[in-house]
Amino acid sequence: MFYSIKGTLTHMEPGFVVVECAGVGFKCLTTLSTQRTMPQIGEQVKLFTHLNVREDAMDLFGFATMMELNCFKMLTAVSGVGPKVGLAILSELSPEQVAMAAASGDSKSLTRASGVGAKLAQRIVLELKDKVKKMGGGVLEGFAPAGGVPSAAGNAANAVSALSVLGYTPTDAASVVAKFDSSLPTEELIRLALKEFGKNR
């Protein structure tokens, strides 16, 4: 329903900010990461938003970047991960770190977030990997290392998977990653790809 909101930052405390737009103050639940990017009270701010509708409430979530919003949506689509846990994860880890954890199977990193135990972290990693595979179809196959042995192609495949977790289509991610040397570390391939995507906006 709401794509974004732009207005005056009138209030901020741990867990949410208030953005006044046309005389209406919108309470946006958000991450600590987004809050760190907020300007001074009284200044203009823009947040990308997601409206969560339940039987007993309507909650508006706000994020500093579209990447963080996409990652939040991906996380909360995992069974057992509600909005509160999604915010906790993104308060502790950047979208890039979440994507890397999912792509590399590093569930331990996710347990740094409040409310995320080992079992839930493993489920998040498994479900995000499965989603990326389904989204990718045959796109990732060309990058996949034979026999599961780590290789340069494996670095590229992990980078494409991580970018898919961040909301980019596997086709777009694969075409951008293919521009770079696949022998580079996965983290570097992700960084370069994000920089390339940023140029095209």
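Trainee: How many helices and strands does the protein chain have?
Mentor: Good place to start! This is a predicted model, where local features need pLDDT of at least 70, side-chain atom pairs count only at pLDDT 80 or more, and totals for chains, interfaces and linings use all residues. Residues are numbered from 1 along each chain as its sequence is written, and side-chain values use heavy atoms, with hydrogens and water left out. Helices (H or I, at least four residues) and strands (E, at least two) are DSSP runs, numbered from the N terminus. On that basis the protein chain has nine helices and five strands.

Trainee: What share of the residues of the protein chain counts as buried?
Mentor: Buried means under 20% relative accessible area, with exposed over 50% and partly exposed in between (1.4 Å probe, protein chains only). The protein chain has 201 residues, and the buried share is 43%.

Trainee: Which strand pairs with β4 over six bridges?
Mentor: Two strands pair if DSSP finds at least two bridges between them. Strand β4 spans residues 44-53 and its six-bridge pairing is antiparallel. A bridge in this pairing links N52 to D59, and V53 stands opposite M58. The partner, joined to β4 by a hairpin of four residues, is β5.

Trainee: In which sense do β3 and β5 pair, parallel or antiparallel?
Mentor: Strand β3 covers residues 24-29 and β5 covers residues 58-63. C28 stands opposite L60 in β5. Their two bridges run in the sense called parallel.

Trainee: Which residue in β4 does T8 stand opposite?
Mentor: Let's look at strand β1, residues 4-13, which pairs with β4 in the antiparallel sense over five bridges. The β4 residue opposite T8 is Q44.

Trainee: Why is α2 called oblique to α3?
Mentor: Axes are lines fitted to C-alpha atoms, for helices over the stretch in contact, and angles run from 0 to 180 degrees between N-to-C directions. Helix α2 (residues 66-76) and helix α3 (residues 83-92) pack with axes 9 Å apart, at an angle of about 135 degrees. That angle makes α2 oblique to α3, because angles under 35 degrees count as roughly parallel, over 145 as roughly antiparallel, 65 to 115 as roughly perpendicular, and the rest as oblique.

Trainee: How many residues of the contact of α2 with α3 are nonpolar?
Mentor: Contact means heavy atoms within 4.5 Å. On the α2 side are E68, C71, F72, L75 and T76, meeting P83, G86, L87, I89 and L90 in α3. Ala, Val, Leu, Ile, Met, Phe, Trp, Tyr, Cys and Pro count as nonpolar, Asp, Glu, Lys and Arg as charged, and the others, Gly among them, as polar. Beside two polar and one charged, the nonpolar residues number seven.
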